[in-house]
Amino acid sequence: MNAGEATPRGSSPMKPNIALVIGDPAGIGPELVVKLLADAAAQQGNIYLIGSRTVLADAMRETGIQIKLPVVAPGDINDTDRAGPALLDWPGIDASGFERGQAKADNGRYMLDMLTLGAQLTQRGVTDALCFAPLNKGALRAGGMQQQDELRWFEDLLGCHGYTGELNVLDTLWTSRVTSHVALKDVSGLLTAEGVADAARLITDSLRAAGKAAPRVAVCGLNPHNGDNGNYGREEGDIIEPGIALARARGCAVDGPFPADTIFVRATNGQYDGVVTMYHDQGQIAMKLMGFERGVTVQGGLPIAVTTAAHGTAYDIAGHGLAHVGAMRNAFELACRMGSARNRQ
């Protein structure tokens, strides 16, 4: 049975229904999922697991954790709270093992198939959020993904043509960025006041969706010392300040611009809930330094809630049971919060 045959949900349950995808079967994703299923955090949602019996059996053997996984059809997902996780019956459930530590077309296609099912179920309201274990972009491209990254792939799959962006979350602190996967030399030319305002609105709306009623957001400058009144660049005054004014006019509580080398001190002291950065590493270096094994990525701006761990597939340790579950646990807990908010709407 495919996702199109599933029935949308009726009344809201006590716990959200979460489509949980095992991620790259050649990486650490399956063992992270098994560790998550054994964690107390798994009780926060009704888990419908999308993956392969064989891959999960291997992960259980490697981690020394045994989990009972009854099989259910997508059409049997309902509003009843489950006592434990279930494995979804889908065409890929009996896929054989995958070569560990290799970014190949077969594991790439498998990831895309799993994500398609999870996204479709969540788009239809059968599940309330999608959470996936780490992916490998090289394998995804080898498997058929033609988009820049998985966020753009989700956009096309879901027919989403509004403003989207990758959000990074560490505990209670969120970041968004105006530019993302682009060369550093191109950043200045890609900055616009509209882009700054869009990134501020995205993080504000996403924080609200996660339960923060009145989020406070700071905006970074681009240049050292905020450009030092134009001595090191004029982007702060010419682009970023007008973007902040535009965001305020749209109802966002934003301040700035602030020098990037000090704003995270203020944010971690609790002055702000979110930080808008101008480029990828401006925020990512700070966030990963503060908590590499705890960080979460949210695919922001999509019509469904989608979360994942902020780290990669760690091919070098895949299959050894060594991967830390902290970030995956946090991604699942955030999916539950966002899913609960969604099914109450």
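A search of the whole structure turned up 1 cavity of 30 Å³ or more, where a cavity is a set of points on a 1 Å grid over the protein atoms alone at which a 1.4 Å probe fits but cannot get out. The structure is a predicted model, in which local features need pLDDT of at least 70, side-chain atom pairs count only at pLDDT 80 or more, and totals for chains, interfaces and linings use all residues. Residues are numbered from 1 along each chain as its sequence is written, and side-chain values use heavy atoms, with hydrogens and water left out.

The largest cavity has a volume of about 90 Å³, a volume being the space filled by probe spheres set on the grid points, which are joined across faces, edges and corners. Its lining (residues with an atom within 4 Å of a point) includes Asn-168, Lys-288, Phe-292 and His-311. The lining residues comprise 6 nonpolar, 5 polar and 1 charged; here Ala, Val, Leu, Ile, Met, Phe, Trp, Tyr, Cys and Pro count as nonpolar, Asp, Glu, Lys and Arg as charged, and the others, Gly among them, as polar. Strand 6 (165-170) and helix 10 (280-291) each supply at least two lining residues, and helix 10 gives the most, with 4. Helices (H or I, at least four residues) and strands (E, at least two) are DSSP runs, numbered from the N terminus.

Turning to strand 5 (residues 129-132), Ala-129 and Cys-131 point one way and Leu-130 and Phe-132 the other, and all are buried, that is, under 20% relative accessible area with a 1.4 Å probe, protein chains only. Strand 5 runs parallel to strand 1 (residues 17-21), joined by 4 bridges, and Val-21 stands opposite Phe-132. Strand 5 is also parallel to strand 12 (residues 305-309), again through 4 bridges, with Phe-132 opposite Thr-308.

Key
1 Å grid on protein atoms, 1.4 Å probe; cavity = no way out; pocket = protein on both sides within 12 Å on 5 of 7 lines; lining within 4 Å. Buried < 20%, exposed > 50% of the residue type's maximum accessible area, 1.4 Å probe, protein only. Pairing = 2+ DSSP bridges.
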